[in-house]
2 protein chains.
Amino acid sequence: MSENKRTEVDQLGEFGLIERITKDVEINHKSTVKGIGDDAAVIDCGDDYMVVSTDMLLEGIHFDLSFMPLQHLGYKAIAVNVSDIAAMNALPEQVTVSIAITNRFSVEAIDMIYQGIKAACKNYNVDLVGGDTTSSRSGLVISVSVTGRVAKDKIVYRSGAKKGDILCLSGDIGGAYMGLQVLLREKKVYESNPEMQPKLDDYEYIVGRQLRPEARTDVIHDLREIGIVPTSMIDVSDGVASEIMHICKASGVGAAIYEQKLPVDQRTFDACHEFKIPSVTPGLNGGEDYELLFTIDQEDFKKVEKNPNIYFIGYIDEAESGARMVTVGDQIVPISAQGFKHF
Amino acid sequence: MSENKRTEVDQLGEFGLIERITKDVEINHKSTVKGIGDDAAVIDCGDDYMVVSTDMLLEGIHFDLSFMPLQHLGYKAIAVNVSDIAAMNALPEQVTVSIAITNRFSVEAIDMIYQGIKAACKNYNVDLVGGDTTSSRSGLVISVSVTGRVAKDKIVYRSGAKKGDILCLSGDIGGAYMGLQVLLREKKVYESNPEMQPKLDDYEYIVGRQLRPEARTDVIHDLREIGIVPTSMIDVSDGVASEIMHICKASGVGAAIYEQKLPVDQRTFDACHEFKIPSVTPGLNGGEDYELLFTIDQEDFKKVEKNPNIYFIGYIDEAESGARMVTVGDQIVPISAQGFKHF
């Protein structure tokens with residue numbers, strides 16, 4: 001009897017599960033311009049498109065309160081959602097926040113979370129317009145939905161990359177992942193000896209990348225100013241390898257990236273050295289950097305080539321070539337989307 | 001030092017906490033027509049308003065999987081959100097669903113939840129456009145956000161009720177609360193003796209009201225057809241008493257309701273009798289009926305007076321009169337918002 005069949009989620013994986021859930025989803029409203037399958041859904045809104053995205057963060061899965069300050073958590077919950085809006089070349093306007101708390105959280109603790117939420121709302125110029133407050137039996141849950149807006153001719157999907165386009169990154173990668181490694185190590189030290197104080201001073205940059213990432217709405221403003229509409233875009237939440245695979249799949253193209261061109265900050269590099277991890281690993285497969293990975297037409301290159309904040313990491317070519325990395329030693333290695341496993 | 005002060009959430013209550021969180025929230029975008037404080041936020045969207053609402057359901061707080069079938073849970077998660085859209089006189093168009101699961105849920109169990117979600121999407125004509133799938137350390141969490149649309153001159157807030165308006169209900173109340181009492185009783189019987197099968201046949205109606213409530217988008221269609229725009233509206237999620245208080249506060253009015261006019265179904269009444277609960281209690285203070293409570297101008301009364309699906313339960317008057325109930329014995333009792341305590 002099929003009703004007694006039990007398939008574990010692990011057998012499918014997250015992407016397999018999403019594919020299974022979404023395969024028979026129907027779209028009936030003409031106002032639904034784009035449903036599941038990009039960083040945000042796209043809804044017709046008069047002269048503009050409205051983009052909508054949502055993300056849920058759970059204690060013990062997405063964050064560990066033993067090292068995540070509550071203000072930072074609130075800030076990050078907004079930032080990671082705003083990042084999805086930026087990835088559509090849109091700017092955020094409204095946000096709703098639902099929060100579930102156990103009775104171990106005092107009113108003052110909730111205040112701290114909202115201090116972070118409100119600081120992020122101010123920083124990204126987004127209005128807090130609603131939400132839900134409820135109890136939880138175990139652990140803190142924060143679910144955020146965000147709406148953004150973009151002119152119809154400026155919307156950017158994952159699917160527009162084409163042969164010859166240049167692959168760009170808005171900032172350095174791998175820092176958030178290495179920051180997490182440091183935090184986990186210091187937690188372990190502290191747990192085995194509570195007298196020990198965590199040593200984080202030397203790791204301020206990478207720990208900051210993990211605890212207080214920023215959504216790159218500034219890049220969206222910059223691109224608008226210089227008149228560039230990327231041909232495709234995605235935010236780096238699961239690691240560059242995984243995101244490049246998404247762009248290749250959605251656009252029906254291949255891509256080559258140069259190991260040498262991957263922007264890894266010296267401080268991330270130092271931490272890799274200390275942890276004996278090859279720096280290409282967090283760069284490609286570390287997650288949560290929330291930088292923007294995008295492609296531009298070669299024609300647009302001259303407009304950005306001297307921009308110190310944009311890194312050119314490779315190019316787009318035929319689907320048959322697949323996604324691959326050209327190593328420092330000129331070897332060609334296929335890229336596999338390892339994704340980012342939460343701790 | 002103030003940083004060491006600890007205030008328990010219970011000291012403030014849910015409404016007090018929301019007030020504290022929201023008191024310094026700023027609105028900066030001119031596209032934000034209405035922020036926190038109604039059933040949904042309102043966003044300018046060209047010729048129409050877009051309304052946005054969100055609700056999070058947690059296992060052990062909002063539902064008990066020992067008696068809540070997974071399909072019904074999925075259906076209800078959509079219905080309760082759609083209900084908030086209907087309460088703005090809008091119709092739903094898009095929905096995002098975030099779900100967090102522990103490893104005790106198989107792929108087949110997740111399929112069942114999505115069967116319910118998709119059935120509700122079909123029934124309410126709403127497109128599933130996005131979401132998030134993640135792990136949970138403990139218990140199932142479903143967070144839904146929904147967008148709806150309404151012509152700008154048809155939007156209805158909680159705040160438009162005025163003296164002389166007639167208070168209306170779209171259906172009978174108290175059933176969902178009594179259904180929950182039956183389910184909790186049968187659960188207890190089952191727990192003390194697993195050989196016993198739950199006896200639910202006699203309670204099909206009220207148990208259905210609890211497990212599979214419907215959002216009353218049909219009423220919104222009806223009102224549009226007969227050309228009525230309510231002066232105020234709210235959905236009954238926390239009980240009629242609490243919702244009337246919201247309308248009175250937002251509109252700056254008082255209200256009188258007649259105990260005798262409160263629509264309580266015979267099957268709800270029978271359950272009240274069996275449980276020795278006065279039927280006015282679940283009617284006023286039971287939650288989760290998801291009927292619409294609204295006010296109409298007296299001028300519009302003739303358009304609906306013969307509508308068998310609308311119950312006229314009282315009227316609006318001056319703020320000084322407060323919210324009160326006229327009992328069957330002609331006594332006048334002030335209404336206090338007891339709200340609905342989740343089990």
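Which residues does Ser237(A) touch, not counting residues up to four places away in sequence? In this predicted model, Ser237(A) touches Glu243(A), Gly287(A), Glu288(A) and Tyr290(A). Ser237(A) itself is found in the loop between strand S8 (232-235) and helix H7 (240-251) of chain A.

## Annotated binding-site positions

An unreviewed UniProt entry places the feature "binding site" at Tyr114(A), Gly131(A), Asp132(A), Arg158(A) and Ser237(A). These positions span 124 residues in sequence, and their farthest two C-alpha atoms are 32.4 Å apart, so they do not all gather at one spot.

You will find Glu288(A) in the loop between helix H9 (280-285) and strand S10 (292-296) of chain A. The side chains of Glu288(A) and Lys76(A) are joined by a polar contact of 3.1 Å.

## Burial values

Here are some relative accessible areas to keep at hand.

| Residue | Relative accessible area | Class |
|---|---|---|
| Glu288(A) | 5% | buried |
| Cys121(A) | 7% | buried |
| Cys248(B) | 8% | buried |
| Arg158(A) | 14% | buried |

Arg158(A) counts as buried because its 14% relative accessibility falls under the 20% cut-off.

## Cysteines

Now for the cysteines. How many disulfides does the structure hold over all chains? There is 1, and it joins Cys45(A) to Cys45(B) with an S to S distance of 2.4 Å. Cys45(A) lies in strand S2 (residues 41-45) of chain A and Cys45(B) in strand S2 (residues 41-45) of chain B, so the pair joins two chains. Both Cys45(A) and Cys45(B) are buried.

In chain B, Cys248(B) is in no disulfide, and the nearest cysteine sulfur, that of Cys168(B), is 14 Å away. Cys248(B) also counts as buried, with 8% relative accessibility.

Key
Residues numbered from 1 in each chain as written. Chains lettered and ligands numbered in written order. Predicted model: local features only at pLDDT ≥ 70, side-chain atom pairs only at ≥ 80, totals over all residues. Heavy atoms only, no water. Disulfide = S-S within 2.5 Å. Helix = DSSP H or I, 4+ residues; strand = E, 2+ residues; numbered from the N terminus. Buried < 20%, exposed > 50% of the residue type's maximum accessible area, 1.4 Å probe, protein only. Polar contact = N/O pair within 3.5 Å; in protein donor to acceptor, adjacent residues only side chain to side chain. UniProt positions renumbered as here; feature names shortened; annotations may be inferred. Contact = heavy atoms within 4.5 Å.
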